[in-house]
Amino acid sequence: MERAPWYVIYAFHLPYCVLLALRYGGLALPSIANPGLDASGLTKESKNDLFALLGPSGRMRLPSFMAIDSGPEALALAERAMLAAELGFPVVVKPDIGRRGFGVKIVRTPQDLAAHLAKFSLGVRLLIQRFATGSKEAGLFYVRMPSETRGRIVSLTLKHFPEVVGDGTSTVRELILQNSRARVFSALYFRRNHDVLDRVLERGERYPIVSLGNHVRGSAFTDESPQITPAMEEVFDKIAREIPGFFIGRFDVRFESLEALQRGEGFEIVEYNGASGEPTHMWDARTSVAATYAGLFQHLRFLYAIGAENRARGAQPLSVWTIIKRHFEELRLLQSYPDEE
């Protein structure tokens, strides 16, 4: 299913949402699954606003960042802000509102920063964030019913950045085609690495062909949910409970050691999402089609069940029309971003 088009992956979402709406009494209940977040984090969620909601435990694990608006002065603003914050390269530049990796780029030089900022339309809010030091990335999906005092992690996904290894004679293009998995995603990898495709790697030289932990950008995911520990759950439950009105979402973290992460240590939060953040273990290539749909349906059940409890506590859902309108506004924003990493 990691290679399936979106219309196959989400083919049963609408009819299943109708069934859940009949069961719980409202189609728009996911919009109050996280009443402390704008639209529950369902659409047009602002990363800047989400970061601002983090409590002490979350902020201490958040790489420093700054927000600027794209335009003629963007580069000067970015340079001044980075200087004031003593923030050096590499940094990650990402749209404040966005998903699926659109417009996100790891920037390593001032020249690359200038080139990337120039690709955005006027007035787009951008975040410039210190590149987290951990070499590994994971997604942890968190759930807590409003009636519960403790939450839990229901999914742990490790994200792997595919690479090719040189043999001294083959180009990057040829090495991609020689790899059984990379060959399937060759069109994507060729587009991401167009400027080095004809480079010949030295024997044993490793070249990462993906640098962002997003499966639609070609990262490989593995389901490591059996590796979830009580210590890990305790730390992320504390982080989540410090976020006002937050009950369900995914934390994306960078880390160096899985053992340290299992102890609830040695990680940085690069992003977190609300209702729109899916559990990502389903994109493990070993996961069956049935299990993938089961995971997607479980996510929807959580959203409706949590939303129903929050409605009983006084939260009011958005109208379906408002959700649809916000969704298409977000799509228009995504289409204006450069398709980078």
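**Notebook: salt bridges and helix packing**

I began with K94 and E271, whose side chains meet in a salt bridge at 3.4 Å, N to O. I took a salt bridge to be a side-chain nitrogen of Lys or Arg within 4 Å of a carboxyl oxygen of Asp or Glu. K94 sits in strand 2 (residues 91–95) and E271 in strand 11 (residues 267–273), so the pair ties together parts 177 residues apart in sequence. Helices (H or I, at least four residues) and strands (E, at least two) are DSSP runs, numbered from the N terminus. I noted that K94 and E271 are both buried. On my scale buried is under 20% relative accessible area, exposed is over 50%, and partly exposed is in between (1.4 Å probe, protein chains only).

The model is predicted, and I required pLDDT of at least 70 for local features and 80 or more for side-chain atom pairs, while totals for chains, interfaces and linings use all residues. Residues are numbered from 1 along each chain as its sequence is written, and side-chain values use heavy atoms, with hydrogens and water left out.

**Other salt bridges**

I counted salt bridges by this rule and got 19. One of them joins E163 to R206, with the closest N and O atoms 2.5 Å apart. E163 belongs to strand 7 (residues 163–165) and R206 to strand 8 (residues 206–208), so this pair ties together parts 43 residues apart in sequence. I looked up the accessibility of each partner. E163 is partly exposed, at a relative accessible area of 34%. R206 counts as exposed at 54% relative accessibility.

Next I checked R250 and D252, which form a salt bridge with the closest N and O atoms 2.9 Å apart. Both R250 and D252 are buried. I followed the shared partners and found E137, K159, R250, D252 and R254 joined by salt bridges into one network.

I then turned to helix pairs. Two packed helices are described by the angle between their axes and the distance between the axes. I used axes fitted as lines to C-alpha atoms, for helices over the stretch in contact, with angles from 0 to 180 degrees between N-to-C directions.

The axes of helix 2 (residues 13–24) and helix 12 (residues 289–312) come within 10 Å and cross at roughly 30 degrees. That makes helix 2 roughly parallel to helix 12. My classes were roughly parallel under 35 degrees, roughly antiparallel over 145, roughly perpendicular from 65 to 115, and oblique for the rest. The crossing of helix 2 and helix 12 is right-handed, the near helix being turned clockwise from the far one by less than a right angle.

I listed the contact (heavy atoms within 4.5 Å). Helix 2 contributes H13, Y16, C17, L20, A21 and Y24, and helix 12 contributes L296, F297, L300, R301, Y304, A305, A308 and R311. I sorted these residues into 11 nonpolar, 1 polar and 2 charged. Nonpolar covers Ala, Val, Leu, Ile, Met, Phe, Trp, Tyr, Cys and Pro, charged covers Asp, Glu, Lys and Arg, and polar covers the others, Gly among them.

**Helix 5 and helix 6**

Helix 5 (residues 74–84) and helix 6 (residues 110–117) pack at about 135 degrees, with their axes 9 Å apart. I therefore logged helix 5 and helix 6 as oblique to each other. Their crossing is right-handed. A74, L75, A78 and M82 of helix 5 make the contact with L113, A114 and L117 of helix 6. I found 7 nonpolar residues in this contact, no polar and no charged.
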